[in-house]
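Q: I have this model open and would like to go through some of its contacts and surface features with you. Can we start with the charged pairs?

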Amino acid sequence: MARGSLAFHIWISVCALLLLRSHCFYLPGVAPEDFKKGDLLAVKVNKLASTKTQLPYSYYSLPYCRPQRIVDSAENLGEVLRGDRIENSPYVFKMREPEMCKIVCRLTLNAKSAKEFKEKIIDEYQANMILDNLPLVFPIERPDQEKSVVYQHGFHIGLKGQYAGIKEEKHFIHNHLSFTVKYHKDVQTDTSRIVGFEVKPFSVKHEYEGEWNDNIRLTTCDPHAKRLVTNSDSPQEVEDKKEVIFTYDVEFEGSDVKWASRWDTYLLMTDDQIHWFSVVNSLMIVLFLSGMVAMIMLRTLYRDISKYNQLETQEEAQEETGWKLVHGDVFRPPTNSDLLCVYVGTGVQFFGMILVTMIFAVLGFLSPSNRGGLMTMMLLLWVFMGLFAGYSSARLYKMFKGTEWKKIALKTAFMFPAIVFAIFFVLNALVWGQKSSGALPFGTMFALVFLWFGISVPLVFVGSYIGFKKPAIEDPVKTNKIPRQIPEQAWYMNPAFSILIGGILPFGAVFIELFFILTSIWLHQFYYIFGFLFLVFIILIVTCAEITVVLCYFQLCSEDYLWWWRSYLTSGSSALYLFLYAAFYFFTKLEITKPVSGILYFGYMLIVSYAFFVFTGMIGFYACFWFTRLIYSSVKIE
């Protein structure tokens, strides 16, 4: 017990150090760039996004001002999957040289363009931009807290409302952007680095005298009287044949924030106390389960094993009841053993992917400046972890006396990816039907298929071949030829009941952190608290293992030896609660009204829940597998 307690404290200490390191260590995705006064700063545009529809669109899907030639920035696989479309823009600044009401372009709306703008305004779309790899944010002051600001991604395209006593609601476009570029100056070299990029959007019906020309002066933008820009009584309405003039200001503001810490403001917006509460809540569950496991292992099992080993005759042994009576059946291969092998192997693949990703994220290698880096890494790790999936499934398959290792390798390589790919293909078709930039192009779809068939499948076969060549895992006790009859079970040992009960605690260990993850995905918030997430990940593994061991022991004590699938489903049932929580989150936190967007949400959450089921089920299975082998190898069986 002392060793276990020491190991547990060491784990917590290591995780705490990693947590602290994840806050203070930042490994950027790009090298810092120094700018001298007057250097050009090119603003890039990203997707249009909305939390109401969850359908991203290209910035130039609306008739915004365009540069002479639109150039796409290089995108990685993760960016394409996220729907990012990064392109150049007509917004160009000069470092530390403010601009006042600079005209970008003038455009006259027609019926089609006015309708497009109105639709995006109604759906509350936000335009996203990037400067020096920093996302554009709109600062919002919290009224409940002094000097507290939250940042919103991008700026709303426009707004819907009334003005000047008109009862009818009109649509207004944000056609004037007031940018603030924050910089950190190096006194010695007189160069600066960009550490912040903020905007305040306004709707202004610009006016001018005379005919339009390149040197026109807007009467609504007098440098000495900026009132109409910052507090306009005449916003720009979106209607057919309306003239819209797009303008912008840019101010440069010195900052004490250094370049290496420029993301901290964006990333540390959530309250650490809530995350600590999540961790403490999860630790209480772990300690409760650890106490139960310690009681079973150190008191009940120790007493049982000592008593069984002291029996002198076989007749005395037959008089005993409990888990020892099923020693001749406990390692009997389960029904659908091939399917169990496939799911266990796939769970190992997920475990390897998540563990390596977590380690890299905690150490700071997955910087938010490397857009799509997290998703790209997870996808590539999943592909390469196919080697361990094949190995694990083949080892288990051979223990179950299987002989056709190619068959089990084929099932492992195709079962889970095929189900996910089928769901993803249907969802992608729906997105494509909405003409969203979130729809995967044919080339990206081909790349995903190549990663699956060209890399993952061969690695699964290699792993299966290596695993099947290994000697079969020997059972600690012999299996009887005739199965023992299972006695009638109490109501609380009913498989369905115990499985559903077993999933509550693992879900309870993660549901608080799950809220922040769902918020970052569906409400477009920043999430970079990987130190907390790694702690919760460790706690989840321990919780899944311990609850499965406890319920497995009770099951064996009631002389029910069908533990193989039960151990997998016990911890795996936490995925059901995850999906139910996702449904609760949908109806209480999101404002999605379109059917397509609702289908997308539940489709993607179904994939996440399925993956969670496979991962947690594997943890519970291996915990129970180790537990049963340990207790039955400790008993003398005649």
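Q: Which kind of contact do the side chains of K182 and E198 make?
A: In this predicted model, the side chains of K182 and E198 meet in a salt bridge, with 3.1 Å from N to O.

Q: How many salt bridges does the count come to?
A: The count comes to 15 salt bridges. One of them joins K118 to E239, where the closest N and O atoms are 3.1 Å apart. This pair links distant parts of the chain, since K118 sits in helix α3 (residues 111-122) while E239 lies in the loop between α4 (227-230) and β13 (243-254), 121 residues apart.

Q: What about D123, which residue does it form a salt bridge with?
A: D123 pairs with K594, and their closest N and O atoms are 3.1 Å apart. Here the partners are 471 residues apart, with D123 in the loop between α3 and β4 (126-131) and K594 in the loop between α17 and α18. D123 is buried, with a relative accessible area of 13%, whereas K594 is partly exposed at 34%.

Q: Staying in that loop, where does T593 lie, and what is 7.0 Å from it in space?
A: T593 lies in the loop between α17 (574-589) and α18 (595-633), and its C-alpha is 7.0 Å from that of K52, although the two are 541 residues apart in sequence. T593 counts as exposed, because its relative accessibility is 63% and the cut-off for exposed is over 50%.

Q: Switching to strands, which way do the residues of β10 point?
A: K170 and F172 point one way from strand β10 (residues 170-173), H171 and I173 point the other way, and all of them are buried. Side chains in a regular strand alternate between the two faces of the sheet. Strand β9 (residues 158-161) pairs with β10 in the antiparallel sense over four bridges, and K170 is the bridge partner of G161.

Q: Last one: which residues form the nonpolar patch on the surface?
A: The patch is formed by W491, Y492, F497, I501 and I504, which together have about 540 Å² of accessible area. I504 is found in helix α14 (residues 504-522) and is partly exposed, with a relative accessible area of 41%.

Conventions:
Residues are numbered from 1 along each chain as its sequence is written. This is a predicted model: local features need pLDDT of at least 70, side-chain atom pairs count only at pLDDT 80 or more; totals for chains, interfaces and linings use all residues. Side-chain values use heavy atoms; hydrogens and water are left out. Buried means under 20% relative accessible area, exposed over 50%, partly exposed in between (1.4 Å probe, protein chains only). Helices (H or I, at least four residues) and strands (E, at least two) are DSSP runs, numbered from the N terminus. Two strands pair if DSSP finds at least two bridges between them. Patches are made of residues with over 30% relative accessible area and no salt bridge: like charges are joined within 9 Å, nonpolar side chains (Val, Leu, Ile, Met, Phe, Trp, Tyr) within 5 Å. Accessible areas come from the Shrake-Rupley method with a 1.4 Å probe; for residues, only the protein chains shown count as cover. A salt bridge is a side-chain nitrogen of Lys or Arg within 4 Å of a carboxyl oxygen of Asp or Glu.
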